[in-house]
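Here is a short report for a first look at this structure. Start with the overall span, then turn to the ligand.

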Amino acid sequence: MKDWLSSISSHKRGIWRYESMLPHIRPDKQITMGEGGTALVRSQHIAKELGLSSIYFKLESGNPTGSYKDRISAMGVSWALEQGKNGCIGTSSGNAGASAAAYAARAGLPYHLFVLEDIVEAKLMQAVIHEAEIIRIKGFGESAEIGEQVFAFIEQEAAKRNLEVMITAYQFNAVAMEAVKTIAFELAEDFTATGEPMPDAVFVPVGGGGLYTGIWNGFFELMEKGFIGRMPRMAAVQSDGCSNIVRAWQQGSASPLPGDSTCRISGLQVPNPPDGKEVLRALHAGDGFGIEVKDDEVWMWQEKLATQEGILCEPAAAVSLAGLHQALKEKRLQPGSSAVCILTGAGYKDNDRLRAICRSKPEIPMCEISELSGLA
Ligand SMILES: *Cc1c(COP(=O)(O)O)cnc(C)c1O
């Protein structure tokens with residue numbers, strides 16, 4: 001581990017701290033806003049309630065546009081500049097578009113963005129404000145067939161117009177995705193610094209599968225270089241409305257199962273997961289496992305994180321904690337274990353959910369100043 005820590009750019013923060021283990025980008029082409037270097041915070045209440053020795057939450061909401069996608073955008077947009085591309089083109093269920101739009105604006109590059117029919121409003125507004133050129137596509141996010149057609153269209157336009165493909169999957173942009181490894185690097189560095197052993201399991205929400213693949217690659221690289229003794233077990237957690245990777249793993253299949261999505265969680269509506277095969281290869285090769293969770297369980301854990309830990313994340317992020325709970329029920333995780341949940345995005349990303357939670361709380365009274373007479 002010592003050797004590794006001497007190889008990092010310790011005067012830098014965020015993803016560029018690990019530039020020696022990332023694709024080479026000349027410093028004057030590095031577009032950065034402080035992405036990465038996110039907080040790892042220990043559970044105060046939920047770990048005890050679930051009978052675990054510890055749960056740590058990795059708060060990816062701390063990134064500049066509120067999700068871990070900023071790691072990918074920083075690398076992808078920098079890479080586009082490094083290669084002299086004319087702009088960027090990509091798809092998004094929300095966060096990737098919000099993020100790439102910000103980084104493209106900063107780089108002064110145009111960004112063509114194709115989004116889901118039912119994208120959540122806050123994420124779309126971020127992309128609008130950063131002046132991405134946006135087109136919404138009917139049926140995208142539900143129909144696997146439409147998804148494939150959109151991906152094909154983008155690859156064709158990218159080749160024709162010399163644009164960088166910003167789809168957050170190894171399948172489409174392996175260079176940009178390398179930045180996801182930094183989540184594993186940060187975890188290794190944080191656990192080394194505190195002297196605690198690496199966690200028994202890391203819970204990762206899975207949509208297209210790029211996040212899981214990137215973190216797995218990061219840990220694998222650290223292990224191959226002898227910097228960590230073993231890989232943590234990595235859980236791939238999907239909504240049961242779009243669980244084509246987890247169900248494929250259960251059935252021993254090497255490819256995601258076909259089927260449309262009925263998932264209601266923004267960010268995870270990916271019926272044709274581009275990195276599904278990569279996730280399945282990792283699951284079949286190691287001691288990782290797949291977990292399916294119900295959308296209303298996810299919402300329950302999202303609210304519990306807010307009331308018991310002070311952490312307000314978006315539903316797609318809470319999927320990791322819902323998965324941890326489910327893994328305990330299925331006895332895939334033993335009581336007394338330690339775990340990390342990757343909380344991938346910020347609570348303000350999904351206002352409909354915030355409104356729904358607030359509706360279940362007591363109404364806020366209003367009164368004249370003269371009526372105030374001490375608290376109950
Ligand atoms: C994109 C995203 C995911 C899923 O990542 P994949 O790489 O598509 O599996 C999970 N949570 C949030 C908040 C996201 O934005």
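## The annotated span

The end C-alpha atoms of residues 31–345 lie 21 Å apart. This span is 44% helix and 17% strand, with helices (H or I, at least four residues) and strands (E, at least two) taken as DSSP runs. An unreviewed UniProt entry annotates residues 31–345 as "domain: Tryptophan synthase beta chain-like PALP"; such annotations may be inferred rather than shown by experiment.

## Basis of the model

The model is predicted: local features need pLDDT of at least 70, side-chain atom pairs count only at pLDDT 80 or more, and totals for chains, interfaces and linings use all residues. Residues are numbered from 1 along each chain as its sequence is written, and side-chain values use heavy atoms, without hydrogens and water.

## Around the ligand

The ligand is surrounded by 14 residues (a heavy atom within 4 Å). Lys 69, Gly 207, Gly 208, Gly 209 and Thr 344 are the closest. By class, the shell has 5 nonpolar, 7 polar and 2 charged residues; Gly counts as polar.

## Contacts with ligand oxygens

A polar side-chain atom of Asn 95 lies 2.8 Å from a ligand oxygen. The protein covers 97% of the 380 Å² of accessible area (Shrake-Rupley, 1.4 Å probe) that the ligand has on its own.

Definitions and conventions
A polar contact is a pair of N or O atoms within 3.5 Å; within protein, one must be able to donate a hydrogen and the other to accept it, and residues adjacent in sequence count only if both atoms are side-chain atoms.
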